[in-house]
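Please read the following briefing alongside the sequence and the model.

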Amino acid sequence: MAVELSVLKKRLQRHLGDGLVLVIGSGLSCAEGVPGMGALGHHLVTHIPASLSADDQKLWEGIHPLIESKGLETALLQHAPTPSLEAAIVQSTGDFIAAAEANIIGEVFANARTLRLARLIPHLLKPDAGISIVTTNYDRLVEIACEEAGLGVDTMFSGQFAAKLNPQETHWSFCRGAKLAGRNVRYRFAMKANVFKPHGSLDWYHREGNPVRYAGSLPLPRLIITPGINKFRNGYESPFDKHREKANDEIDKARRFLIVGYGFNDDHLETHLTPRIKSGIATVILTYELSPKAKTLALENKHVLAIEYMNKAGGKGANIVVDGAEIFYPGINYWDLDGFVKEVLSA
C-alpha cells in the first residue's frame, strides 16, 4: 500500500534530528558537474602519459581495454598497478577532477551557482561539536558548501600555506570563549562541520615526508586513493588513516544517517557503515540510481528509506523504497538533494 506523500514528507523532515551523520559519495559531486567514474576512466585511457617505463606500458596495455569494457575499479582490481603507474594514474585523476572543480568554484565565487549541500545545511541541527560529514570525494565541494552556508570547516589540518595534520589544534581553533559554571569551565565553539575524507583530497600533498594541505594546485602528486587493489593498503597511511578512523568513530556514534550519492561499494567505510545500518540506525538514502547493495539494504531493513530517480512509462518521478517495499511516485524529485530541499524541507 502506497504511503501518502504528506506522511512521507513528515517522516523525512523528522529524520534530520539529533545525532545525524552525513555520508556523501560521488553522486553528489556528479550532480554538480564533477566527472563520474565512467568519464574518469575514459580520460585515463586517453591521457596516461606515453613516458611510462616499458614494464608500466605493458601493464597499462592490459589494464586500459578493461576500463572501457568493465569499468575503472574492476580493471584496477584485476591488474594491480605498480607504484610508478599508480602515481601516473593519481596525477591524471587529480588534474582531471581539479579542472572540473575549478569551473564549479568559479561559478560559486561569482554567485552564479548555489551548491546543493549549501541549500541543505540551513535545515540541519548545528550541534556544539559540529555537523559530521564523511565523504569519499576528492574534490572540495563539501567544504565550500559548508562555508557558503556559514559554517567553519574542520578537516584536521591547521595552517594556511602548508597546513599540518593536527586534530587537537584545529579543534581548539574554533573555540570562541569560556566561562565558569560552578566548578566547571564551559567552552563556546563556532558553528562548524567536521569533514572526514578517507580517500584523500585534491589539496593534500606530501612535504618533507609529512601530509600537508595547500589550497592551490602544485605540480606534485596529490594524496588521493584511486580505485583498485591498492586502495585498502594506501588507506593505512597518513593522513588517510586518521580520517578513516575519525569517520568510522562518527559512524559508530551516529543515531541516524543521511546518505547522498553513495553506492555502498567502499571497503574502508563498509566495515562500519552497513553493520551500523543493519543494527537499526534510521537511514535515508538519496541517489540518482540505487546500487544493488543499497537497494537490498533498503528492501531488507524497514528503518531504511531509499529514494532514486525513475522514468516509468514515460513519466519521470521517484522510486521510493519505504517500509521494505518499492513504490513509484510520479512527478517528484526527492532523489536529488536540490529537489529534496525544495519539495520536502521548504514546502
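In this predicted model, a nonpolar patch on the surface is formed by Trp172, Leu180, Val185 and Tyr187, which together have about 430 Å² of accessible area.

**Surface patch**
- Tryptophan 172, one of the residues of the patch, belongs to helix α9, which spans residues 167-173.

**Four-stranded sheet**
- The 4 strands of an open sheet follow the order β4-β5-β10-β9, and their pairing is antiparallel.
- The edges are taken by β4 (157-158) and β9 (204-207), each of which has a single partner strand, so that one side of each is left without a neighbour in the sheet.
- The partner of β9 is strand β10 (residues 210-213), and the two pair in the antiparallel sense over 4 bridges.
- Within this pairing, tyrosine 205 has valine 212 of β10 as its bridge partner.

**Helix α15**
- Helix α15, covering residues 337-345, is mostly covered, with 7 of its 9 residues buried.
- The buried residues of α15 are Leu337, Asp338, Gly339, Phe340, Val341, Val344 and Leu345.
- The cover over these buried residues includes the helices α1 (5-15), α2 (26-32) and α7 (116-120), together with the strands β11 (256-260) and β12 (282-286).

Technical notes: Residues numbered from 1 in each chain as written. Predicted model: local features only at pLDDT ≥ 70, side-chain atom pairs only at ≥ 80, totals over all residues. Heavy atoms only, no water. Patch = residues over 30% accessible without salt bridge, like charges linked within 9 Å, V, L, I, M, F, W, Y side chains within 5 Å. Areas by Shrake-Rupley, 256 points an atom, 1.4 Å probe, with all protein chains shown as cover. Salt bridge = Lys/Arg side-chain N within 4 Å of Asp/Glu carboxyl O. Pairing = 2+ DSSP bridges. Buried < 20%, exposed > 50% of the residue type's maximum accessible area, 1.4 Å probe, protein only. Contact = heavy atoms within 4.5 Å.
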